[in-house]
Amino acid sequence: MTIATEAWFRGHWQMVRIIENVPEGVIGEFWGECSFTPDGHGLTCNEQGVLRFRGADYHSGRISLWRFPQQGHIEVRYEDGRPFHDFDVEEPQATHLCDDDRYRVSYEFDDNTWVSRWDVVGPAKDYIMTTRYRRVTDLAYKSRRIGRAASFQAID
């Protein structure tokens with residue numbers, strides 16, 4: 001298992017997220033990119049992409065703050081700094097309670113990929129959300145960004 005450190009997360013990742021409602025099956029898919037950039041206290045995680053939910057497409061994104069207060073321990077916070085969850089990289093799992101809903105996450109880390117799996121249950125919730133992240137080299141990331149900018153300019 002790769003020891004997930006601040007330096008290891010830093011950079012750009014492609015991501016695919018599958019949202020499965022336990023009774024209904026797959027109800028959502030997200031394709032996008034994630035970047036971890038230094039912010040002076042750890043890393044800011046910025047996810048951006050397209051969410052296809054029950055057949056409709058939406059631009060979607062979220063920002064979270066990742067903190068590394070000691071070796072082998074990671075704290076994940078909401079964008080406004082409130083605590084979300086924390087975990088040790090040797091046993092990468094956590095639980096977050098939100099009113100009557102329980103969010104349980106587990107992580108798997110490998111050389112250039114990682115997975116988060118959320119099991120969510122509550123009075124009106126019963127879903128599993130699995131996200132796979134794959135590292136993108138800086139050169140490939142910049143190349144894709146330049147290509148997108150050129151294609152947007154051609155449309156104008």
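How many helices and strands are there in the protein? The protein has two helices and 10 strands. The model is predicted. Read from the N terminus, its elements follow the order α-β-β-β-β-β-β-β-β-β-β-α. The protein has 156 residues, and 37% of them count as buried.

**Aromatic pairs and cluster**

- Across the whole structure, a search finds 23 aromatic pairs.
- One of these is the pair of Phe9 and Phe36, which is tilted, with 5.1 Å from centre to centre and 45° between the planes. The pair links distant parts of the chain, since Phe9 belongs to helix α1 (residues 6-9) and Phe36 to strand β2 (residues 25-38), 27 residues apart.
- Phe9 has a relative accessible area of 0% and is therefore buried, the cut-off being under 20%. Phe36 is buried as well, with a relative accessible area of 1%.
- Phe9 also pairs with Phe109: the ring centres are 5.8 Å apart and the planes stand at 90°, so this pair is edge-to-face. Here too distant parts of the chain are linked, with Phe9 in helix α1 and Phe109 in strand β8 (residues 101-109), 100 residues apart.
- Phe9 and Phe109 are both buried.
- Phe9, Phe36 and Phe109 belong to one aromatic cluster, which also includes Trp8, Trp13, Trp66, Phe68, Phe87, Tyr107, Trp114 and Tyr133.

**Charges over rings**

- Arg17 places its charged end over the ring of Phe30, at 5.3 Å from the ring centre.
- The charged end of Arg82 sits over the ring of Tyr78, and the distance to the centre of that ring is 4.4 Å.

- Asp80 is located in the loop between β5 and β6. With a relative accessible area of 56%, Asp80 is exposed, because the cut-off for exposed is over 50%.
- The side chain of Asp80 makes a polar contact of 2.8 Å with the side chain of Arg82. Arg82 is also the residue whose charged end sits over the ring of Tyr78.
- Between Asp80 and Leu65 the C-alpha to C-alpha distance is 8.5 Å, while in sequence the two are 15 residues apart.
- Asp101 is part of strand β8. Its relative accessibility is 13%, so Asp101 counts as buried under the 20% cut-off.
- A polar contact of 3.3 Å connects the side chain of Asp101 with the side chain of Lys125.

**The largest pocket**

- The volume of the largest pocket is about 380 Å³. Its lining is made up of 22 residues, and those closest to the pocket centre are Arg62, Ser64, Phe84, His85 and Trp118.
- At least two lining residues come from each of these strands: β3 (43-53), β4 (56-70), β5 (73-78), β6 (83-88), β7 (93-98), β8, β9 (113-122) and β10 (125-136).
- Strand β4 supplies the largest share of the lining, with four residues.
- By residue type, the lining consists of 15 nonpolar, four polar and three charged residues.

Conventions
Residues numbered from 1 in each chain as written. Predicted model: local features only at pLDDT ≥ 70, side-chain atom pairs only at ≥ 80, totals over all residues. Heavy atoms only, no water. Phe/Tyr/Trp six-rings, centres within 6.5 Å; stacked < 30°, edge-to-face > 60°. Buried < 20%, exposed > 50% of the residue type's maximum accessible area, 1.4 Å probe, protein only. Lys NZ or Arg CZ within 6 Å of the ring centre and 35° of its normal. 1 Å grid on protein atoms, 1.4 Å probe; cavity = no way out; pocket = protein on both sides within 12 Å on 5 of 7 lines; lining within 4 Å. Points joined across faces, edges and corners; volume = space filled by probe spheres on them. Nonpolar A, V, L, I, M, F, W, Y, C, P; charged D, E, K, R; others polar. Polar contact = N/O pair within 3.5 Å; in protein donor to acceptor, adjacent residues only side chain to side chain.
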